[in-house]
Amino acid sequence: YVHALISAVNAENISIIGEKNSGFNGSNVVDPNGEEEFRGPMGIRLCKCKNIKLSDYKFIDSSNWAHQIDSCSNIDISRLKIYAGHDGVDVHHCSNIYIHDCDMQSGDDCIAGYDSYNLHVDNCRFNTACNSLRIGCVNMLVENCTFYGPAANPHRVSGRHNTLFAFEYYSIGTDTVRDNSRNWFIKNCTFDNIDGLIHYEFGDKIHLQV
């Protein structure tokens, strides 16, 4: 989880802002010693950072999560295009997150994370062969977003193209979760060709809902 194309730890005031047509290509790198014996490095890894701005670039074919953001605060993510690969944006133990005007056509979850606070998602498009938001969060507003399937890019493990759920509850029993997820608001969103709206089955260890 510490290998990445770009990595920062214990830093402040980080901005990655792309010029026109700029971006990253993870090249679907295969690492037999990686997670699930095939995943390569993360794309952008930020840990224990404050005041983050990510905008205006494309990330394709990430060999693991395109963005691993862990224990960070004050995060603004805008106008990203994330295609294929694995998860688009992961926010674990984070607070004050604003994700807006993004287009995510990922090969795994579009947005994932748990033990996060104050997540606002606005005007995004989600297309995935997994879950659009796999999330555990206190205070979440998702508005003006489009959720649609089937996926343009196959799931990296199963090869399927169907979208599972728009929202799946996420919590790992072996990690710290400071408070129960609550205060989720969804408004002015559209859903088309997805298997289900919400998946919640507390105690389900297979889907990490413990």
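Residues are numbered from 1 along each chain as its sequence is written, and side-chain values use heavy atoms, with hydrogens and water left out. In this predicted model, local features need pLDDT of at least 70 and side-chain atom pairs count only at pLDDT 80 or more, while totals for chains, interfaces and linings use all residues.

**Exercise 1. Describe the place and surroundings of Asp-109.**

Step 1. Asp-109 is found in the loop between strand S12 (103-106) and strand S13 (111-122); strands are DSSP runs of E of at least two residues, numbered from the N terminus.

Step 2. Asp-109 counts as buried because its relative accessibility is 1%; buried means under 20% relative accessible area, exposed over 50% and partly exposed in between, with a 1.4 Å probe and protein chains only.

Step 3. Apart from neighbours within four places in sequence, Asp-109 is in contact (heavy atoms within 4.5 Å) with His-86, Asp-87, Gly-88, Thr-128, Cys-130, Asn-131 and Arg-134. For Asn-131, the backbone nitrogen lies 3.1 Å from a polar atom of the Asp-109 side chain.

**Exercise 2. Characterise the largest pocket and the second largest pocket.**

Step 1. A pocket is an open set of points on a 1 Å grid over the protein atoms alone, with protein on both sides within 12 Å along at least five of seven lines; a cavity is a set of points where a 1.4 Å probe fits but cannot get out, and lining residues have an atom within 4 Å of a point. Grid points are joined across faces, edges and corners, and a volume is the space filled by probe spheres set on the points.

Step 2. The largest pocket holds about 570 Å³ of space. Its lining has 33 residues, and those nearest the centre are Arg-39, Asp-87, Asp-109, Arg-134 and Tyr-170. Strands S4 (42-47), S7 (67-70), S10 (89-92), S13, S15 (131-143) and S17 (163-169) each give two or more residues to this lining, and S17 has the largest share, with three.

Step 3. By class, the lining of the largest pocket has 13 nonpolar, seven polar and 13 charged residues. Here Ala, Val, Leu, Ile, Met, Phe, Trp, Tyr, Cys and Pro count as nonpolar, Asp, Glu, Lys and Arg as charged, and the others, Gly among them, as polar.

Step 4. The second largest pocket has a volume of about 200 Å³. Its lining has 13 residues, with Asn-21, Asp-56, Tyr-57, Lys-58 and Lys-81 closest to the centre; the classes are three nonpolar, two polar and eight charged.

**Exercise 3. Locate the largest cavity and describe its lining.**

Step 1. The structure holds one cavity of 30 Å³ or more, and the largest cavity has a volume of about 60 Å³.

Step 2. Among the 13 lining residues, Asp-115, Gly-136, Val-177, Asp-179 and Ser-181 are closest to the centre. S13 gives the most to the lining of the largest cavity, four residues, and S15 supplies at least two.

How values were computed
Polar contact = N/O pair within 3.5 Å; in protein donor to acceptor, adjacent residues only side chain to side chain.
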